[in-house]
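Let us walk through a protein model together, one region at a time.

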Amino acid sequence: MAAVHVTVWDDRDRVGGGRAPTASVAAAAPALFVHNIFAWGSDSTYGFAGQRPLADSRRLLMMDRRGYGDSPDTARSDFEADAEDIVEVLGEGTFAEGLDGAHLVGHGNGAVSALIAAARRPDLVRSLTLIQPSAFTAAAQHPVVADLLDRVRDGAPGIPDGVTPEQYLRASTEGLGMAMPEPTSRRLRAVATSMRERPIWEAEIPLEVVRGATLPILVICGTWERAPATYREHVGLPLMAVAESLTDSLGGRLLRVPGYYPHTQEPVAVNAALREFWG
């Protein structure tokens, strides 16, 4: 049994009016989703609630990383530990339904863990979708990303002592010109875990291994033209550079959609792309 919580969505029977799904739908490989910071798998604000319609044709697995959602607490969230959890979930017969692997989707920091997991067990992965991956070290040669890495590695200010999760959430949203989600206990727990995450720029991305596995790869990135200026400059530009670099390095396909949270702001476009990509 996996050490993390997984929400399972499977609407195939409901779509069929209670009848058994067709053979092709019944045999469709499941898809495992791995969320970013401040969120959990089924979260409607930053997570993958907008992808629920995809459950009409396959089983969807919404993993809560450690310290998020309904998964157990952790002293420090770590992309390496998350990668191990992903591998464990992918390998569980209950979720895999006896099929040869699952489609893997990761957003932000979750995409970094998905990359590491795919490198460790490519035999369990049918395809890899990376939504605005925070794989900065994999694109360190790009000037915008290099500037970001220089800032954080040279001692950019961390989180001051005494800052509460609610204060941090407000600074990370309203402080950048965006709406702040309701500070529920579930949200604040996710924020507290995010505040303790191992810095993502410490991740070593196994690009050669992933490329050698010849997995189908889709990279999804926002265009960021509607984002607050400060957020676009400090976050959006590096993320767009990473998306372009990973697409080239891994021989993938790049999809650009309007906005800066592709799967929540443009779920119809993202879902259509995933359906086509998964086949």
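Thr-184 sits in the loop that links α7 and α8; helices (DSSP runs of H or I, at least four residues) and strands (runs of E, at least two) are numbered from the N terminus. With a relative accessible area of 30%, Thr-184 is partly exposed. Here buried means under 20% relative accessible area, exposed means over 50%, and partly exposed lies in between, for a 1.4 Å probe and protein chains only. Along the chain, Thr-184 and Glu-166 are 18 residues apart, and their C-alpha atoms are separated by 9.2 Å.

Before going further, note that this is a predicted model, in which local features need pLDDT of at least 70 and side-chain atom pairs count only at pLDDT 80 or more, while totals for chains, interfaces and linings use all residues. Residues are numbered from 1 along each chain as its sequence is written, and side-chain values use heavy atoms, with hydrogens and water left out.

Now look at some other loops. Gly-252 lies between α10 and β7 (253-257), and is partly exposed at a relative accessible area of 24%. In sequence, Gly-252 and Ile-217 are 35 residues apart, yet from C-alpha to C-alpha they are 4.7 Å apart in space. If you set aside neighbours within four places in sequence, Gly-252 is in contact (heavy atoms within 4.5 Å) with Ile-217 and Thr-247. Ala-27, in the loop between α2 (23-26) and β2, counts as partly exposed too, at 43% relative accessibility.

Most residues other than glycine have a negative phi. Thr-214, however, has a positive phi near 50°, and Trp-224 has a positive phi near 70°. Thr-214 is in the loop between α9 and β6 (217-222), whereas Trp-224 is in the loop between β6 and α10.

Next, find α5. Its 12 residues should span 16 Å at 1.5 Å a residue, and this agrees with the 17 Å between its end C-alpha atoms; the expected span is 1.5 Å times one less than the number of residues. How many residues of α5 are buried? The number is 11 of 12, so the helix is mostly covered. Among these buried residues are Asn-109, Ser-113 and Leu-115. The buried residues of α5 pack against β2 (31-34), α3, β4 (102-107), β5 (125-131), α9 (207-212) and α10.

In soluble globular proteins, nonpolar side chains tend to be buried together.

On a 1 Å grid over the protein atoms alone, a cavity is a set of points where a 1.4 Å probe fits but cannot get out, and a pocket is an open set with protein on both sides within 12 Å along at least five of seven lines; lining residues have an atom within 4 Å of a point. Grid points are joined across faces, edges and corners, and a volume is the space filled by probe spheres set on the points. The largest pocket holds about 1,600 Å³ of space. It has 42 lining residues, and those closest to its centre are Ile-37, Tyr-168, Ser-172, Trp-201 and Val-235. The lining divides into 25 nonpolar, 14 polar and 3 charged residues, where Ala, Val, Leu, Ile, Met, Phe, Trp, Tyr, Cys and Pro count as nonpolar, Asp, Glu, Lys and Arg as charged, and the others, Gly among them, as polar.

The structure also holds 1 cavity of 30 Å³ or more. The residues that line the largest cavity include Arg-65, Asp-78, Asn-109 and Ser-113, and both α3 (79-91) and α5 (109-120) supply at least two lining residues.
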